[in-house]
2 protein chains.
Amino acid sequence: MSFDALQEKIRAKKNPTVAGLDPKPEQIPPHILKASYETYGETLQGAAEAVWTFNQGLIDALCDVVPAVKPQAAYYERLGWRGLEVMERTIAYAREKDLFVIADIKRGDIGSTAQAYADAWLGETRVGEASHPVFNADCVTLNGYMGSDTIEPFVEACKAGDKCLFLLVKTSNPGSGELQNMVAGDRLVYKVMGDMTAKLGKGTEGRYGFHLAGAVVGATYPSDMRELRRRLEHTFFLVPGYGAQGGTAEDVQYAFNKYGHGAIVNASRSIMCAWQKTGRDGTDYQEAARAAAVAMRDDIRKYVTIV
Amino acid sequence: MSFDALQEKIRAKKNPTVAGLDPKPEQIPPHILKASYETYGETLQGAAEAVWTFNQGLIDALCDVVPAVKPQAAYYERLGWRGLEVMERTIAYAREKDLFVIADIKRGDIGSTAQAYADAWLGETRVGEASHPVFNADCVTLNGYMGSDTIEPFVEACKAGDKCLFLLVKTSNPGSGELQNMVAGDRLVYKVMGDMTAKLGKGTEGRYGFHLAGAVVGATYPSDMRELRRRLEHTFFLVPGYGAQGGTAEDVQYAFNKYGHGAIVNASRSIMCAWQKTGRDGTDYQEAARAAAVAMRDDIRKYVTIV
């Protein structure tokens with residue numbers, strides 16, 4: 001699905017947020033973990049199957065509140081191939097529930113290797129006479145340090161499959177300025193990366209005005225975000241850093257254009273682990289996640305009106 | 001294994017090269033592919049099992065010639081979880097054969113996510129009371145665009161497991177200069193990234209003088225490589241771009257120090273696909289790969305003497 005489709009979902013649910021699905025075993029409610037360990041052993045498989053049960057429950061609880069989910073590959077890779085299998089299942093299940101799926105993979109590599117990643121995450125892999133979808137997300141996050149030629153295979157895969165991507169531009173972590181804020185003449189590195197999204201996406205603007213190459217812009221640097229929003233009017237923003245990392249609703253408002261379009265704000269732990277704060281045993285994790293997602297939506301809507 | 005262990009292996013085999021294991025189905029000899037498709041179907045599984053057979057054969061043929069192998073994650077992800085399972089098997093098999101294994105993953109992410117990747121590729125994943133190695137490589141490639149705080153969890157994993165890493169510094173692709181060659185005052189972006197390796201690795205130098213944080217430095221920009229070698233005397237280099245991409249043995253000599261230490265040169269297709277140039281049916285792929293690896297070793301040794 002394209003950013004047009006994402007913007008439609010955001011408008012329909014009046015909610016410009018995405019729920020991260022990044023579970024570590026210790027963040028899964030004890031009853032789910034226990035049942036999985038009883039069936040599969042206290043193993044990587046046991047942990048992976050617990051993640052699967054948890055993810056399904058979260059998706060069921062959230063699918064009429066949030067427009068999108070964002071599984072983070074690292075937490076699945078941490079459980080080996082069994083974790084990656086669960087990531088495949090999770091993406092397919094979320095798409096069945098009509099959610100937009102951002103695979104947070106932050107990949108980036110040269111020519112034919114970039115093509116292999118694009119096949120894996122957005123396109124299809126040819127085997128003999130047939131082509132097979134693999135992880136089959138709607139959208140991926142990418143790292144463009146190696147240059148725009150390393151992103152182009154993903155751009156082509158997006159064009160072929162009506163999908164989209166986010167390039168890391170200005171990230172939310174404390175050390176993001178080390179490289180990203182270097183000043184070359186009158187150009188900042190992260191602005192050059194931002195301009196790369198405009199160059200890569202040019203000509204693919206949809207009916208909301210956004211092209212297929214979005215940007216990751218952290219909520220923790222609101223003035224940089226404000227400037228990037230002005231500079232890149234056709235670039236859709238993925239905004240991490242709200243909540244646990246310190247970004248507020250007031251901060252993230254600058255990611256949106258005057259129509260309240262063009263951005264989606266991520267929260268992972270605050271939704272996924274909401275059950276840890278209810279003082280109960282975790283059997284209420286679905287209600288807790290849903291309540292946290294609704295609270296986040298309402299918090300952001302205090303500052304952002306979506307036309 | 002650390003860069004000390006890698007340097008020992010390079011000295012023992014008098015060969016500073018690493019064989020990439022990046023097979024696409026169409027690069028696998030037809031008899032292997034046919035047998036696998038007959039057993040598992042013309043499916044992602046069929047392709048993955050063919051990769052496994054091919055990789056074992058390559059490792060058997062190369063393990064007394066090359067000190068290291070470098071599986072590239074993209075080609076395994078392209079086959080889904082079944083591909084990743086084969087990547088796990090491949091890493092384990094290569095380590096059994098006493099090869100140094102570089103997992104070419106180019107990951108990079110914030111705090112706890114970087115930790116999850118470090119668990120997956122270098123360390124262990126805790127499940128309940130026990131910890132489990134997962135992909136368990138000796139070394140990984142990483143992308144530091146997000147800042148050195150995003151690399152630190154990998155540094156800690158290296159210290160804990162006596163392992164090492166390569167940070168992308170100056171890559172071999174045509175567009176690498178777009179970001180990497182930006183000049184900020186008197187600092188080039190890729191030199192700042194190079195200096196990051198020195199900062200991250202400081203204090204971990206082994207008996208050959210190299211710390212745990214290496215650098216990827218492409219053979220296609222030999223003058224940049226020469227300068228980086230002078231600037232970063234304690235940084236081990238991984239050198240892509242030899243052969244197919246145009247880098248020559250004459251070019252790569254500048255990656256080594258005066259003892260012929262501190263670098264390893266990669267070749268993937270020229271070794272893996274050597275069978276496609278013998279005019280036979282692919283049943284000679286092991287001899288062909290071995291001959292290509294020996295030729296590459298001898299080519300580089302014309303310019304590099306390893307003390």
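Tutor: On a 1 Å grid over the protein atoms alone, a pocket is an open set of points with protein on both sides within 12 Å along at least five of seven lines, while a cavity is a set of points where a 1.4 Å probe fits but cannot get out; lining residues have an atom within 4 Å of a point. Points are joined across faces, edges and corners, and a volume is the space filled by probe spheres set on them. The largest pocket holds about 600 Å³ of space. Keep in mind that this is a predicted model, where local features need pLDDT of at least 70, side-chain atom pairs count only at pLDDT 80 or more, and totals for chains, interfaces and linings use all residues. Residues are numbered from 1 along each chain as its sequence is written, chains are lettered from A and ligands numbered from 1 in the order in which they are written, and side-chain values use heavy atoms, leaving out hydrogens and water.

Student: Which residues lie closest to the centre of the largest pocket?
Tutor: Of its 34 lining residues, they are A:Gln245, A:Ser268, A:Arg269, B:Ile110 and B:Thr113. Elements giving two or more residues to the lining are β3 (100–107), β12 (263–267) and α12 (269–272) of chain A, together with α6 of chain B. Helices (H or I, at least four residues) and strands (E, at least two) are DSSP runs, numbered from the N terminus.

Student: How does the lining of the largest pocket divide into nonpolar, polar and charged?
Tutor: Into 12 nonpolar, 14 polar and eight charged residues. Ala, Val, Leu, Ile, Met, Phe, Trp, Tyr, Cys and Pro count as nonpolar, Asp, Glu, Lys and Arg as charged, and the others, Gly among them, as polar.

Student: What makes the two copies related as by a two-fold axis?
Tutor: Copies are superposed by least squares on the C-alpha atoms of residues with pLDDT of at least 70 in both. A rotation of 180 degrees with 0.0 Å of shift along its axis puts chain B on chain A, at RMSD 0.0 Å. The two copies are therefore related as by a two-fold rotation axis. In chain B, the C-alpha nearest the axis belongs to B:Ala184, 2.0 Å away.

Student: Why is A:His234 called partly exposed?
Tutor: Buried means under 20% relative accessible area, exposed over 50%, and partly exposed in between (1.4 Å probe, protein chains only). A:His234 has 34% relative accessibility, so it counts as partly exposed. A:His234 sits in the loop between α10 (222–231) and β11 (237–239) of chain A. Beyond its neighbours within four places in sequence, A:His234 is in contact (heavy atoms within 4.5 Å) with A:Glu205, A:Gly209, A:Phe210 and A:His211.

Student: How do you know that β1 and β2 of chain B pair?
Tutor: Two strands pair if DSSP finds at least two bridges between them. Four bridges join β1(B) (residues 17–21) to β2(B), running parallel. B:Val18 stands opposite B:Ala68. On to β3(B): β2(B) pairs with it in the parallel sense over two bridges, and there B:Ala68 has B:Phe100 as its bridge partner.

Student: What covers the two faces of β2(B), buried or exposed residues?
Tutor: Both faces of β2(B) (residues 68–71) are covered: B:Ala68 and B:Lys70 on one side, and B:Val69 and B:Pro71 on the other, are all buried.
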